[in-house]
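Trainee: I have a protein model open and I'd like to learn how to read its features. Can we go through it together?

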Amino acid sequence: MQGTVAAPIGVVALSGTGGLSSIMVWLLALLLFGNGIREETRAFGDDMRIRLVRDRLPFGVLELLVFDTIPAFVVVTAVSLATIVPLAAYTGVPLVWALVLGVALNVLYVLMRGFDAVRFPLTGRRIEYEAGASVAAVCLMLVSFSGSFGVLAGAVVLACVACAAIVHYGTECV
């Protein structure tokens with residue numbers, strides 16, 4: 001479900017072909033599919049939750065998130081790309097742009113899942129996936145109004161870098 005809904009709807013919403021209603025559907029999907037992203041990153045969540053395991057792993061939170069999520073990420077991204085191809089043809093979105101955006105959105109979703117395991121570096125407060133997804137969706141929606149695929153792609157990459165920095169430099173929740 002995660003692969004067939006979250007990124008493909010995000011591609012349609014951010015490309016501007018679906019109008020404002022598709023952006024609202026995408027935001028709703030991100031919030032409703034919080035369990036989908038948690039299932040995709042279940043190994044990470046289990047490793048973080050079970051202290052006996054976590055204390056013995058020689059990785060930081062970001063590295064653990066990446067290593068634990070790779071197999072599920074590959075499957076979800078393959079399903080997303082298979083869904084995006086006909087969707088891009090139907091909506092008229094350039095295929096290469098849609099595929100790149102689909103992969104970047106899947107990366108962003110996984111990185112935001114890391115928020116559940118850390119405290120924000122500047123404030124020391126916990127952030128949840130849903131809060132990060134809401135902020136990212138609103139920011140990307142505003143950038144998508146520029147109408148430039150290049151600007152939007154840059155914004156998604158910048159969001160990925162920012163989320164990775166938050167997960168990397170955040171204080172691990174105990």
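This is a predicted model: local features need pLDDT of at least 70, side-chain atom pairs count only at pLDDT 80 or more; totals for chains, interfaces and linings use all residues.

Trainee: How does anyone find a pocket to begin with?

Mentor: Rolling a probe the size of a water molecule over the atoms shows where empty space is left. In this model, the largest pocket holds about 290 Å³ of space. It is lined by 17 residues, and the closest to its centre are Val 135, Ala 136, Ala 159, Ala 162 and Cys 163.

Trainee: Which elements give two or more residues to that lining?

Mentor: Those are H8 and H9. H8 gives the most, with seven residues.

Trainee: Next, the nonpolar core. How many residues does the largest one have?

Mentor: The largest nonpolar core has 48 residues. Those with the most contacts inside this core include Trp 26, Leu 101, Tyr 109 and Met 112. Several helices supply at least two residues each, among them H1 (2–15), H2 (19–32), H6 (61–91) and H9 (149–169). H7 provides the largest share of this core, ten residues.

Trainee: You named Met 112. What is Met 112 in contact with, leaving aside its neighbours within four places in sequence?

Mentor: With those neighbours left out, Met 112 is in contact with Tyr 129, Gly 132, Ala 133, Ala 136 and Cys 163.

Trainee: Let me try a single residue. Is Ser 144 buried or exposed?

Mentor: The idea is to compare its relative accessibility with a cut-off: buried means under 20%. Ser 144 has 12% relative accessibility, so Ser 144 counts as buried. You'll find Ser 144 in helix H8, which covers residues 129–144.

Trainee: And what lies around Ser 144?

Mentor: A polar atom of the Ser 144 side chain lies 2.6 Å from the backbone oxygen of Met 141. Beyond its neighbours within four places in sequence, Ser 144 is in contact with Leu 14, Ile 23 and Leu 152.

Definitions and conventions
Residues are numbered from 1 along each chain as its sequence is written. Side-chain values use heavy atoms; hydrogens and water are left out. Helices (H or I, at least four residues) and strands (E, at least two) are DSSP runs, numbered from the N terminus. Buried means under 20% relative accessible area, exposed over 50%, partly exposed in between (1.4 Å probe, protein chains only). A polar contact is a pair of N or O atoms within 3.5 Å; within protein, one must be able to donate a hydrogen and the other to accept it, and residues adjacent in sequence count only if both atoms are side-chain atoms. Contact means heavy atoms within 4.5 Å. A nonpolar core is a set of buried Ala, Val, Leu, Ile, Met, Phe, Trp, Tyr and Cys residues joined through side-chain atoms within 4.5 Å. On a 1 Å grid over the protein atoms alone, a cavity is a set of points where a 1.4 Å probe fits but cannot get out, and a pocket is an open set with protein on both sides within 12 Å along at least five of seven lines; lining residues have an atom within 4 Å of a point. Grid points are joined across faces, edges and corners, and a volume is the space filled by probe spheres set on the points.
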